[in-house]
Each structure stands twice: as C-alpha cells, then as structure tokens.
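Here is a friendly walk through one structure, written for someone meeting it for the first time. Take a look at the picture, then read on.

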Amino acid sequence: QVRGLCGTYNWNQQDEFTTPAGDVETSITAFANKYRASGDCPVLSPFPLEPCGAFAGRRELAEAACAVLHGPAFQ
C-alpha cells in the first residue's frame with residue numbers, strides 16, 4: 001500500500017520506480033522527475049548531481065535526515 005519516492009516496500013525491486021501514473025521507470029532521474037512538486041522545480045538531468053559538491057555545508061543535515069530512514073520506525 002506504499003508507493004512514491006520511498007518505493008513500494010513489497011520486497012519486489014522490479015516495481016520500486018512506480019510513478020504516480022502507475023508505470024514503472026527504469027532510471028532514477030526519469031522516476032524523480034515524475035514526482036516534481038511544481039513546474040518551478042528544475043528537471044533533473046540524466047546524470048545525477050553529486051549532492052555534497054552541489055550543496056556544500058548540507059552534509060550533516062542530509063546524514064541526519066537519512067538516519068531517520070535507517071531508524072527503528074522503518075525497520
């Protein structure tokens with residue numbers, strides 16, 4: 001019953017990139033572009049950014065946010 005940017009959580013890796021329309025994308029950037037919140041958000045290029053290089057000083061915030069996903073609530 002879960003879908004979106006966090007995947008389907010059904011142990012089937014073949015459907016992890018299911019879009020809001022129900023189709024399955026094969027690339028990360030195409031999948032992420034389908035979930036853009038508004039037309040003001042930039043379209044991602046086929047080559048993912050290096051987040052730590054593009055957003056210097058945000059590493060600690062990113063690590064703290066990811067720690068939540070690896071925490072007990074998602075075990």
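## Around Y35

Let's start with Y35, which is found in the loop between α1 and α2 (51–54). One thing to keep in mind from the outset: this is a predicted model.

Is Y35 buried, exposed or partly exposed? With a relative accessibility of 24%, Y35 counts as partly exposed.

Take P20: it sits 15 residues from Y35 in sequence, yet the two C-alpha atoms are 7.4 Å apart in space. Then there is T18, whose backbone oxygen is reached by the side chain of Y35 at 3.2 Å. Y35 belongs to an aromatic cluster as well, together with F17 and F31. The structure holds two aromatic pairs.

Now for T18, in the segment before α1 (28–34). Its relative accessible area is 12%, so T18 is buried. Which residues does T18 touch, leaving out those up to four places away in sequence? The answer is T8, D23, V24, F31 and Y35.

At 1% relative accessibility, T19 counts as buried. What does the side chain of T19 make a polar contact with? It meets the side chain of D23, at 2.3 Å.

## Charged partners

Side chains of opposite charge can pair when their charged atoms come close. In this model the count comes to two salt bridges, and here they are:

| Salt bridge | Distance, N to O |
|---|---|
| D23 and K34 | 3.7 Å |
| E25 and K34 | 2.9 Å |

Salt bridges that share partners join D23, E25 and K34 into one network. What about the places of D23 and K34 along the chain? D23 lies in the segment before α1 and K34 in helix α1, so this pair ties together parts that are eleven residues apart in sequence.

Let's finish with the surface. Which residues make the nonpolar surface patch of about 410 Å²? They are Y9, V68, L69 and F74. One of them, F74, lies in the segment after α3 (59–69). The relative accessibility of F74 is 38%, so F74 counts as partly exposed.

## Putting it together

F74, meanwhile, is part of the nonpolar patch with Y9, V68 and L69.

Key
Residues numbered from 1 in each chain as written. Predicted model: local features only at pLDDT ≥ 70, side-chain atom pairs only at ≥ 80, totals over all residues. Heavy atoms only, no water. Patch = residues over 30% accessible without salt bridge, like charges linked within 9 Å, V, L, I, M, F, W, Y side chains within 5 Å. Areas by Shrake-Rupley, 256 points an atom, 1.4 Å probe, with all protein chains shown as cover. Salt bridge = Lys/Arg side-chain N within 4 Å of Asp/Glu carboxyl O. Helix = DSSP H or I, 4+ residues; strand = E, 2+ residues; numbered from the N terminus. Buried < 20%, exposed > 50% of the residue type's maximum accessible area, 1.4 Å probe, protein only. Contact = heavy atoms within 4.5 Å. Phe/Tyr/Trp six-rings, centres within 6.5 Å; stacked < 30°, edge-to-face > 60°. Polar contact = N/O pair within 3.5 Å; in protein donor to acceptor, adjacent residues only side chain to side chain.
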